[in-house]
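This report describes strands, cores, backbone exceptions and a pocket in one protein model. Please look at the sequence and the structure before reading on.

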Amino acid sequence: MIIKNAKIIESSNIVSIIIKDEKIKKIDFDNNFQNYKDKDIIDANYNYVIAGIIDPHVHMRDPGLTQKEDFNSGSKAAARGGVTSFLDMPNTIPNTITKENLIAKKNMMIGKSYVDYGFHFGGSKADNSDDIKNIINDAASTKIFFNASTGNMLVEDDKILEKLFESSKIVTVHAEDKMADKAIEIAKKTNTPLYLCHISLESEINSLKRAKDSGMVIYGEAAPHHLFLNTEDVNKNEKNKMLLRMKPELREKSDNKALLKAILDSTIDTIGTDHAPHLISEKLEKLTFGVPSVEHSLELMLNKVNDSTMDLKLLTKIMSENASKIFGIKNKGMLKENYDADLVIIDMKDNSIIEEKDIITKSGWSPYIGFNRGGKVLTTIVRGNKVYDNAIFTDKFIGKEIIYN
């Protein structure tokens, strides 16, 4: 495959990208695409080509809750949004808290995904530290819930928490407010790298910053809904009071601003969507926490490039490069020779409105309907395979499990 007439962040030149054996073989900074023999040529038409987005935090609901989403529909939504790899959370049914359940889940998802994928393993209140040690190279992290979760995944015993941390290469946590401080204390005590999921409060940002300044290996993630929505949106109407509910809940405008500032000063390291879809009928019937996000995260964040809040280089760092480095994902996250050819072509001039008729996720709705895009995903390429192009999807599930360094 050859991508010609491409703008890239790394050069002021218009370039061609030569892809062979699923890797970026060469970036031709003179755009001499005619020097290479390949029938599969994509014209970027002088649009930006960026590294594929890595979403480190999704709930694809597979297995156990596939009426809401499954690997097929969720990965399709990811491809539509320029996400070329994602990491799936363990609170499925059954919970991914044993080696046997992890292996079963891995086998179940083979041949079901449009894009590449990996799995987080879950910590259990029953102390599954031995399982964690046995799967340490087969999962992105150990996910531990300090706040309410499903099944056996809320862990409240401090001694068990310490054992789970000590057994893990890196721990990701759902830890809200003061629980974030508790997670930081245990990570410091056990000398375990820590990743704080979906930070939503200015106070949590301050705790993260203090921990970083102390020399801890610690990372912070922000979710799009905590950047673009707040309590004012929830209270606009009765419908929103049911739809715009998630854990952590939406916060104040001041927290939106604090999160954005933390991204700009590198306190926040990644954007993780916490894609947690439910059918709209389920959301309206009773209070149900979680919203779909994976298919619009990039296009929303591009608004911050268009209004000059940040540049495209920082955006790709927090949406691709950093997640790859934090979780040790091999050969992904950068537009670089010999890396996987995971690429997205975006039209920065397309600021069209997100409409309900275009929604891909099985849940069938989005909290961002009516929002303007900051740019539109035109084409998504996974390891040199075109999976989405101008509203047309491939008929092949080429997604594979990612490899860790």
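Strand 1 and strand 2 form a hairpin, with six residues between them. The model is a predicted one, in which local features need pLDDT of at least 70 and side-chain atom pairs count only at pLDDT 80 or more, whereas totals for chains, interfaces and linings use all residues. Residues are numbered from 1 along each chain as its sequence is written, and side-chain values use heavy atoms, with hydrogens and water left out. Helices (H or I, at least four residues) and strands (E, at least two) are DSSP runs, numbered from the N terminus.

Strand 1 covers residues 2-7 and pairs with strand 2 (residues 14-20) in the antiparallel sense over four bridges; two strands count as paired if DSSP finds at least two bridges between them. In this pairing, alanine 6 has valine 15 of strand 2 as its bridge partner. Strand 1 is also joined to strand 4 (residues 41-43), by three bridges, and these two run parallel. Five of the six residues in strand 1 are buried, where buried means under 20% relative accessible area, exposed over 50%, and partly exposed in between (1.4 Å probe, protein chains only).

Strand 15 (residues 343-347) has five of its five residues buried. In a regular strand the side chains alternate between the two faces of the sheet. Leu343, Ile345 and Asp347 lie on one side of strand 15 and Val344 and Ile346 on the other, and all are buried. Strand 5 (residues 48-51) pairs with strand 15 in the antiparallel sense over four bridges, and valine 49 stands opposite isoleucine 345. Strand 16 (residues 376-382) also runs antiparallel to strand 15, joined to it by five bridges. Leucine 343 stands opposite isoleucine 381 of strand 16.

Six strands make an open sheet with parallel pairing, in the order 9-10-11-12-13-14. Strand 9 (121-122) and strand 14 (270-271) stand at the edges, each with a single partner strand, so one side of each has no neighbour in the sheet. Within this order, strand 11 (residues 171-174) and strand 12 (residues 194-196) are joined by three bridges and run parallel. Threonine 172 has tyrosine 195 in strand 12 as its bridge partner.

**Nonpolar cores**

A nonpolar core is a set of buried Ala, Val, Leu, Ile, Met, Phe, Trp, Tyr and Cys residues joined through side-chain atoms within 4.5 Å. The largest one has 82 residues, of which Val173, Leu194 and Leu298 touch the most other members. A second, separate core has 18 residues, including Ile3, Ile8, Ile24 and Ile27. Contact means heavy atoms within 4.5 Å. Not counting residues up to four places away in sequence, leucine 298 touches Ile50, Ile53, Gly81, Leu315, Met319, Val344, Ile346 and Val377.

**Backbone exceptions**

Most residues other than glycine have a negative phi, and most peptide bonds are trans. The table lists the exceptions considered here.

| Site | Backbone feature | Value |
|---|---|---|
| Isoleucine 93 to proline 94 | cis peptide bond | omega about 5° |
| Lysine 247 to proline 248 | cis peptide bond | omega near -5° |
| Histidine 198 | positive phi, not a glycine | phi about 30° |
| Alanine 391 | positive phi, not a glycine | phi near 75° |

Isoleucine 93 is in the loop between strand 7 (83-88) and helix 2 (99-109), and proline 94 is in that loop as well. Isoleucine 93 touches Pro63, Gly64 and Leu65, not counting residues up to four places away in sequence. Proline 248 lies in the loop between helix 9 and helix 10 (253-264).

Histidine 198 is in the loop between strand 12 and helix 6 (202-213), and counts as buried because its relative accessibility is 2%. Alanine 391 is in the loop between strand 17 (385-389) and strand 18 (392-393), and counts as exposed at 56% relative accessibility.

**The second largest pocket**

On a 1 Å grid over the protein atoms alone, a cavity is a set of points where a 1.4 Å probe fits but cannot get out, and a pocket is an open set with protein on both sides within 12 Å along at least five of seven lines; lining residues have an atom within 4 Å of a point. The second largest pocket has a volume of about 300 Å³, a volume being the space filled by probe spheres set on the points, with grid points joined across faces, edges and corners. Its lining has 15 residues, of which Asn240, Leu243, Ser366, Pro367 and Ile369 lie nearest the centre. Helix 9 (residues 238-243) gives the most to this lining, with three residues.
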